[in-house]
Amino acid sequence: PRAIRGHFQDALFYNMPLMERVQLDTMVTVIDVTTYLQYLKSAKSTDESDSPELHYRDEEEREKAKEANWMDFLPDKLAEALGEDAIETPTASPVDGSGVSDLLVEQTEVADIILLNKVDILQEEDAADSEAKLTDIENIVRSLNPRATVLKTKYAAVSRLKDILGVAGGKGVVEAGVVDDHRDYVSAASRDEHESH
């Protein structure tokens, strides 16, 4: 999310013509509450070999991807012009060498709206501890991103789309930078510390 935000900010700074037609308005993150705490504590990398579940729905899809030649998806004339030997098959690599927990933290920090999804499944799987887990997740999310609106959902469904689309009016995390992010975290930590005394 930070990279996407950065690309849009750079495009605006350099007055790229495309920015006359598009804008990044509101950033929404969907969190799976059934796995969030597990992945937050994970030491796994985002590499495809270390965390295939982040790249594929199941093992069958993973096997199909291994068998597929990515050049099969190029238009015939382009593939013919490039030739079989001209291009190497890309290999899987980690996203910036980051870990799964790093990715979760970034996706949580850089959002205007955060949907805590699969609340119903969490309640079905662990009825006794579901409220405590949900409260823990919500506290972590609010600590990581004090300015976000947090909504609890099932099937990522919200009652009104206008509650999540365009709500920041391009003035939320889209305009923020690293300094703004840091200032918000320090303010939230100070507020939390003051409230606990």
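This passage walks through the fold of one chain, from its overall layout to a few single residues.

The model is a predicted one, so local features need pLDDT of at least 70, side-chain atom pairs count only at pLDDT 80 or more, and totals for chains, interfaces and linings use all residues. Residues are numbered from 1 along each chain as its sequence is written, and side-chain values use heavy atoms, with hydrogens and water left out.

To start with the big picture, the chain has 8 helices and 3 strands; these are DSSP runs numbered from the N terminus, with helices being H or I of at least four residues and strands being E of at least two. Going along the sequence, the pattern reads α-β-α-α-α-α-β-α-α-β-α. Of the 197 residues in the chain, 31% are buried, where buried means under 20% relative accessible area, exposed means over 50%, and partly exposed lies in between (1.4 Å probe, protein chains only).

Next comes the inside of the chain. In soluble globular proteins, nonpolar side chains tend to be buried together. A nonpolar core here is a set of buried Ala, Val, Leu, Ile, Met, Phe, Trp, Tyr and Cys residues joined through side-chain atoms within 4.5 Å. The largest one has 17 residues, and Tyr36, Ile114, Leu116 and Val141 have the most contacts inside it. Two or more residues come from each of helix H2 (36–40), helix H5 (100–109), strand S2 (113–117), helix H6 (119–125) and H7. H7 gives the largest share, 4 residues. Apart from this core lies another, of 5 residues, among them Met27, Val110, Val173 and Val174. Leaving aside residues up to four places away in sequence, Tyr36 touches Ile31, Leu104, Thr108, Ile137, Ile140, Val141 and Leu144.

Helix H7 covers residues 130–144, which makes 15 residues, and spans 21 Å from its first C-alpha to its last, close to the 21 Å expected at 1.5 Å a residue. That expected span is 1.5 Å times one less than the number of residues. Which residues of H7 are buried? They are Ser130, Leu134, Ile137, Glu138, Val141 and Leu144. These sit on the same side of H7 because they cover an arc of only 130° around the axis, the arc being that of the directions from the helix axis to the C-beta atoms.

Helix H5 gets a similar look. Its buried residues are Val100, Ser101, Leu104, Thr108 and Glu109. Their arc around the axis is only 165°, so they lie on the same side of H5. Ser101, found in helix H5, counts as buried because its relative accessibility is 16%. Ser101 touches Tyr39, Leu40 and Ser42, not counting residues up to four places away in sequence. Between Ser101 and Thr46 there are 55 residues in sequence but 8.9 Å in space, C-alpha to C-alpha.

Lys118, in the loop between S2 and H6, has a phi near 70°, a positive value in a residue other than glycine. Lys118 counts as partly exposed because its relative accessibility is 30%. Tyr155 is not a glycine either, yet has a positive phi of about 60°. The loop that holds Tyr155 runs between strand S3 (149–152) and helix H8 (178–196). With 74% relative accessibility, Tyr155 counts as exposed.

Finally, the structure holds 1 aromatic pair. Phe13 and Tyr14 form this edge-to-face pair, at 5.0 Å centre to centre and 85° between the planes. Rings of Phe, Tyr and Trp (its six-membered ring) pair if their centres lie within 6.5 Å, and planes under 30 degrees apart count as stacked, over 60 as edge-to-face and the rest as tilted. Both Phe13 and Tyr14 are exposed.

Methods. Contact means heavy atoms within 4.5 Å.
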